[in-house]
Amino acid sequence: MAFYDGLFNTLGLSDWCAGGSSAAPMSMADLLAQNSGEATKGPFFPFPSLDNLNESCGSIPQSRDVTKGIEEGFLAAKPAMKSVLDPITQPLSWLLDGALWLFTTTPWFIMIPILVAIAFWASRSVAVTVFVAFAIVLMGLVDHYLVAMQTLSIIFVCTGISVLLGVPIGIGMSKSDRFQNGAIPILDLLQTLPSFVYLIPLIFLFSVTESKLYGIAIILYAIVPVIRLTNLGIRLVDQDVIEAANAFGMTSRQKLLGVELPLALPNIMAGVNQTIMMSLAMVVIASLVSAPGLGVNVLRGIRNLELGVGIVAGIGIVLLAVILDRVSKAALTRVDMTQVKH
Amino acid sequence: MTQEPKVSLRGLYKIFGANGKAALKHVQDGMGKEELLVEHKHVLGLQDINVDMQAGEITVVMGLSGSGKSTLIRHLNRLIEPTAGEILVDGIDVMGLNETGLRELRQGKMSMVFQKFALLPHRSVIQNAAMSLAVRGEDEATQMREAQKWLDRVGLGGYEHHYPAQLSGGMQQRVGIARALTANTDIMLMDEAFSALDPLIRTDMQDLLLELQEELHKTIIFITHDLDEALKLSDHLVILKDGAVIQQGEPQDILLNPCDPYIEDFVSDINRARVLRARSIMKPLAKGAKYAGDCQINDNLESLIASSGGETSKTYRVLNGEEAVGQIDMLDLVRALVPRISSTQA
């Protein structure tokens with residue numbers, strides 16, 4: 001006799017309860033209890049959870065049916081989702097594979113000067129440029145050049161797509177309060193969902209051999225800051241200036257391109273910086289789903305308990321992070337400087 | 001003034017709040033600002049504004065903060081939508097315009113100068129000045145030529161390629177004025193344009209504006225909380241209190257005949273000798289009077305006192321150009337200097 005038997009009897013539901021018996025497989029604990037021949041003694045007043053209610057009434061599903069239902073629902077929807085998402089996301093695979101090929105097949109004596117030149121162009125700072133050159137050479141010295149380039153290529157593509165998608169979404173949010181209210185919970189979800197959880201549904205949807213699998217995971221994780229800060233940046237634009245733009249009869253397009261975006265640029269750049277950092281964080285975890293790069297070595301360090309391999313790869317990631325952060329921050333301050341030239 | 005007013009406001013009401021139209025009824029039934037706020041949680045911005053602004057004149061709207069003057073000026077180009085009433089510009093009802101029409105009005109008929117300058121910080125001075133033309137889609141050469149012309153006119157030649165943050169407040173507002181002038185509109189709206197500047201610069205800017213107005217004859221609507229400024233600039237003065245017009249007319253007239261204790265209070269602190277003009281207090285020419293000298297109708301009383309050397313027995317002849325139009329007895333002049341209630345009583 002279970003605790004809630006009396007409840008169902010008084011409610012007159014005993015017939016309905018007897019009608020259904022849970023088809024879910026037994027748990028090990030139940031099996032043991034059955035074999036030992038004695039009923040497990042629960043607490044005096046058990047919480048009315050699905051499992052406890054199920055003991056008194058077979059028609060009520062057990063908790064494991066819930067997880068099972070989610071799984072079955074997802075699997076049922078999978079073919080439809082796949083047929084839509086597959087073609088849409090296919091270019092991402094091409095981009096990632098192309099970038100990977102470009103970064104790894106370009107000889108180092110061409111690639112390193114190009115990267116250093118980009119660093120100088122973006123930051124206009126000799127110190128930052130020298131540091132970038134030093135860090136890349138250092139990684140090359142311990143034969144991590146190739147894996148570092150793999151990681152870098154993934155970050156370039158994913159950050160680029162995040163900015164391309166995130167800035168328009170941020171603009172949309174800044175223009176419509178309703179859109180903002182709808183989007184913020186989704187952004188919160190994307191930001192707080194543990195990074196491993198991103199991978200689970202993606203593994204079901206796409207084949208692990210496809211590069212878009214980790215591409216999507218990285219973009220979903222990293223796109224949030226650039227959306228948020230674009231929205232914030234545009235909303236924070238000086239209302240007096242907006243009023244002046246209106247008073248002189250600017251169209252909303254002229255206002256956006258000529259006033260709002262330029263004035264929001266420092267904030268947007270701060271968002272891009274955060275997006276780069278977050279995609280670097282995710283690219284390591286994405287090595288679980290066959291993303292190449294430094295993350296693979298970290299994973300090897302954990303799996304095989306190869307301490308040295310893991311630590312060298314870890315330091316490589318730190319170096320990459322510092323490079324990307326310093327270059328994008330230097331670019332950010334440069335953008336800010338055009339606002340106040342004293 | 002029989003000519004058609006350039007801008008006229010008819011029965012304009014503005015009530016801020018969720019349901020302005022419903023609150024409007026209470027106001028029209030005579031509910032006051034405080035009552036409306038307490039009972040209906042709506043803020044009365046403007047009530048029953050009727051003002052005609054003549055072409056080529058400077059209309060000054062004066063009031064203390066919270067009197068609704070900035071709200072009023074934003075109705076003229078519909079930066080704020082009125083709750084009720086008509087706004088006529090050149091006889092066209094601004095309320096009837098659709099989005100495109102309104103944009104054309106803002107681009108082609110009105111330009112605005114702001115208290116906080118509101119320049120684009122990422123554009124150079126000349127790009128800021130050319131903003132209105134860029135908005136209209138004029139070609140680059142025209143933009144630069146016009147902007148340069150007006151920057152030179154307001155005394156900013158040589159600063160074209162600086163950025164606003166590099167300029168002082170006074171210079172930034174000169175850019176603001178150049179921007180409005182470059183737009184080449186008949187109507188200029190100036191929202192407390194000089195209030196953020198320090199007193200000396202403010203006087204400079206007022207002189208600049210009067211000088212420009214002498215040659216351009218624009219229709220200027222100027223908002224200020226400073227009565228000295230209002231009296232110096234205005235051809236037509238509108239005094240606003242709690243969102244309602246309490247007196248409007250020729251400034252000299254308001255000074256001599258304030259119709260409300262609120263205004264009397266205001267004008268009692270003014271240096272009347274500097275503000276009042278000979279034409280305001282002159283009497284018709286009397287036959288056989290002996291004149292100690294001549295003065296022009298727009299001379300202020302200060303200059304008259306200076307030339308009389310403080311003597312009160314003299315009589316001066318008032319000329320309009322060459323023609324004698326009246327006379328001033330120095331005793332009348334002294335009487336006119338005393339306000340109906342003096343500042344010590346107030």
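Q: Which residue of β13(B) does V318(B) stand opposite?
A: V318(B) stands opposite G326(B) in β13(B). Strands of a sheet pair through backbone hydrogen bonds, either parallel or antiparallel. Here strand β12 (residues 315-320) of chain B pairs with β13(B) in the antiparallel sense, over six bridges. Two strands count as paired if DSSP finds at least two bridges between them, while strands (E, at least two residues) and helices (H or I, at least four residues) are DSSP runs numbered from the N terminus.

Q: How far may I trust the positions and numbering?
A: This is a predicted model, in which local features need pLDDT of at least 70 and side-chain atom pairs count only at pLDDT 80 or more, whereas totals for chains, interfaces and linings use all residues. Residues are numbered from 1 along each chain as its sequence is written, chains are lettered from A and ligands numbered from 1 in the order in which they are written, and side-chain values use heavy atoms, with hydrogens and water left out.

Q: What is the strand order of the sheet that holds β12 and β13 of chain B?
A: The order is β11-β12-β13 (chain B), an open sheet of three strands with mixed pairing. Because β11 (293-296) and β13 (323-329) of chain B each have a single partner strand, they stand at the edges, and one side of each is left without a neighbour in the sheet. The twist averages 35° from one strand to the next, where axes are lines fitted to C-alpha atoms, for helices over the stretch in contact, and angles run from 0 to 180 degrees between N-to-C directions. Helix α16 (residues 330-337) of chain B packs on this sheet, touching β12 and β13 of chain B, and its direction makes about 70° with that of β13(B); contact means heavy atoms within 4.5 Å.

Q: Which strands stand at the edges of the six-stranded sheet of chain B?
A: That open sheet has the order β6-β7-β8-β3-β9-β10 (chain B), again with mixed pairing. Its edges are β6 (110-113) and β10 (244-249) of chain B, each with a single partner strand, so one side of each lacks a neighbour in the sheet. Neighbouring strands are turned by 15° against each other on average, direction ignored. Within the sheet, strand β3 (residues 58-62) and strand β9 (residues 236-241) of chain B pair in the parallel sense over four bridges, and the bridge partner of T59(B) in β9(B) is H236(B).

Q: What lines the largest cavity?
A: On a 1 Å grid over the protein atoms alone, a cavity is a set of points where a 1.4 Å probe fits but cannot get out, and lining residues have an atom within 4 Å of a point. The largest cavity is lined by residues including I177(B), L181(B), M188(B) and K218(B). α9(B) gives the most to this lining, with four residues.

Terms used. 1 Å grid on protein atoms, 1.4 Å probe; cavity = no way out; pocket = protein on both sides within 12 Å on 5 of 7 lines; lining within 4 Å.
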